[in-house]
Amino acid sequence: MQNAMIRKTKVSVWRAWRTLTVRLQCSSVSSSAGPASLDGSGNASSVSSEKPLHTPVMVKEVLHYLNIQPAQVVLDMTFGGGGHTKEILNTVPEVTVLALDRDPSAISLAQQLAKQHPGRVKPLLCRFSELEASLCRLEVKPGSIDAVLLDAGCSSMQMDQAERGFSLSKDGPLDMRMDAERYPDMPCAADVVNTLDQQALASILTAYGEERHARKIASAIVEARRVSPITRTQQLASVVAGAFPPAVIYARKDRLHRAAHVATKTFQALRVFVNDELNELLAGLRAAQAVLKPGGRLCVITFHSLEDRLVKRFLQGEDLSNLDHFSQRKHSRSKEKLLDSRNSSSSWIPLRKKVIIPEKDAVRDNPRGRSAKLRAALRN
């Protein structure tokens with residue numbers, strides 16, 4: 001797996017990841033350390049049994065900034081449960097939506113929606129990095145899309161299915177792969193925590209979770225797996241919690257000032273690492289730039305600082321090809337150099353200078369959207 005972001009983040013992580021993939025090809029690590037693939041419970045029928053299926057974030061703001069007109073073509077780059085696409089279809093007449101997702105379960109829902117809106121929804125099963133090839137097969141030309149929505153991160157329906165292994169509050173196999181059905185040999189989260197050395201684990205937690213206690217947590221993981229492989233989500237949550245005094249397990253607070261588990265950032269880091277999310281997000285932003293018409297609009301929703309930082313710097317015209325990782329400390333250390341590195345002829349015109357966050361009432365009704373940030377821009 002040629003992962004440039006991992007290689008640039010930490011040499012030790014890249015080497016460990018390469019070792020891991022080789023071992024998985026030559027042995028049965030996947031079957032012993034974690035699930036090799038999802039079972040039938042990951043299909044659309046099991047998804048539909050979850051209540052609620054999906055609550056889209058900042059729908060009103062997305063519709064406002066995309067400003068979609070009748071008969072235009074829109075690319076929803078993260079279909080998920082289809083919440084945003086449904087609102088677009090119900091709000092704008094004769095609009096066509098290209099519904100993209102890397103998760104086969106989400107595409108099953110998109111296919112159902114396509115039957116309800118004949119000719120108006122075109123499902124696309126692919127990653128952001130595969131989008132160009134998928135659009136070519138549909139004969140969609142560069143510069144032909146009117147509006148693009150990119151809702152980054154993990155969807156609610158993925159979090160709600162315990163068997164997917166994303167949520168630390170629901171016990172399930174430690175998987176976290178968004179498209180395991182398509183890539184069953186791809187390492188899962190259990191492979192990572194049971195195979196990589198302590199230094200590599202700490203690097204992952206620092207780079208992708210911005211975890212201040214990365215070394216302590218990595219040490220606890222290594223000690224625990226010597227006794228027994230870590231194969232379940234709540235098993236990992238317990239291991240992480242065991243590295244701290246009981247009084248601080250729920251000492252962290254979210255934006256609603258609610259107690260947050262001390263393993264939250266560990267789960268985020270593993271998910272981002274396993275699914276190569278930062279590289280995929282950057283590929284998605286570049287794809288959006290290529291497919292949008294001049295004057296076309298882009299809305300990007302992110303859910304943690306790593307994603308938002310990447311989007312912000314991309315829209316500012318920065319060259320991200322040699323970026324190692326999105327350290328806030330490194331980013332703010334030399335503001336003048338950062339300004340100098342920006343492309344003076346940026347491809348984007350911001351529709352609003354400051355980042356857009358959900359309204360208080362919306363956060364109260366949908367707490368999962370509390371960390372969402374929206375950036376909107378016009379294709380120059």
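Okay, ground rules first. Since the model is predicted, local features need pLDDT of at least 70 and side-chain atom pairs count only at pLDDT 80 or more, while totals for chains, interfaces and linings use all residues. Residues are numbered from 1 along each chain as its sequence is written, and side-chain values use heavy atoms, with hydrogens and water left out.

So, the overall picture. We have 19 helices and 9 strands; those are DSSP runs numbered from the N terminus, helices being H or I with at least four residues and strands E with at least two. Of the 380 residues in the chain, 54% are buried. Buried here is under 20% relative accessible area, exposed is over 50%, and partly exposed is in between, with a 1.4 Å probe and protein chains only. As for contacts, meaning heavy atoms within 4.5 Å: take those between residues at least 6 apart in sequence, and 71% of them join residues at least 24 apart.

On to the cores. In soluble globular proteins, nonpolar side chains tend to be buried together. Which members of the largest core touch the most others? That core has 73 residues, and the answer is Leu75, Met77, Leu131 and Val148. Domain 1 (59–151 + 277–320 + 347–379) and domain 2 (164–275) both contribute residues, so this core lies between them. The domain bounds, by the way, come from an automatic or database domain assignment. If you click on leucine 75, leaving aside residues up to four places away in sequence, you'll find contacts that include Leu98, Leu100, Leu131, Ile145 and Val291. There's also a second, separate core of 29 residues, with Val92, Val97, Cys299 and Leu374 among them.

Cysteine 299 is buried at 0% relative accessible area, whereas cysteine 136 is exposed at 52%. With a disulfide taken as a pair of cysteine sulfur atoms within 2.5 Å, the count is 0.

Now look at strand S9, residues 373–379, where 5 of the 7 residues are buried. S9 pairs antiparallel with strand S7 (residues 292–302) over 6 bridges, and also antiparallel with strand S8 (residues 348–350) over 3 bridges. Pairing needs at least two DSSP bridges between the strands. Which residue of S9 is the bridge partner of leucine 298? Alanine 377, and proline 350 stands opposite alanine 377 too.

Charged pairs next. Calling a salt bridge a side-chain nitrogen of Lys or Arg within 4 Å of a carboxyl oxygen of Asp or Glu, we get 13. Arginine 164 and aspartate 103 make one of these, at 3.0 Å from N to O. Arginine 164 sits in the loop between helix H9 (156–160) and helix H10 (189–195), and aspartate 103 in the loop between strand S2 (96–101) and helix H7 (104–116), so the pair ties together parts 61 residues apart in sequence. Arginine 164 is buried at 1%, and aspartate 103 is buried at 1% as well.

Arginine 226 and glutamate 223 are another pair, with their closest N and O atoms 2.7 Å apart. They're 3 residues apart in helix H12 (residues 214–227), about one helical turn. Arginine 226 is exposed at 62%, and glutamate 223 is partly exposed at 44%.

Then arginine 271 bridges to glutamate 277, at 2.7 Å between the closest N and O atoms. Arginine 271 is buried at 12% and glutamate 277 at 8%. Glycine 153, in the loop between strand S4 (145–151) and H9, touches both Arg271 and Glu277. Separately, Arg102, Arg127 and Asp179 are linked in a salt-bridge network.

Most residues other than glycine have a negative phi. Asparagine 67 has a positive one, near 50°, in the loop between helix H5 (59–66) and strand S1 (73–76). Methionine 176 is near 75°, in the loop between H9 and H10. Buried or exposed? Methionine 176 is buried at 0%, while asparagine 67 is partly exposed at 37%.

Notes. Core = buried A, V, L, I, M, F, W, Y, C linked by side-chain atoms within 4.5 Å.
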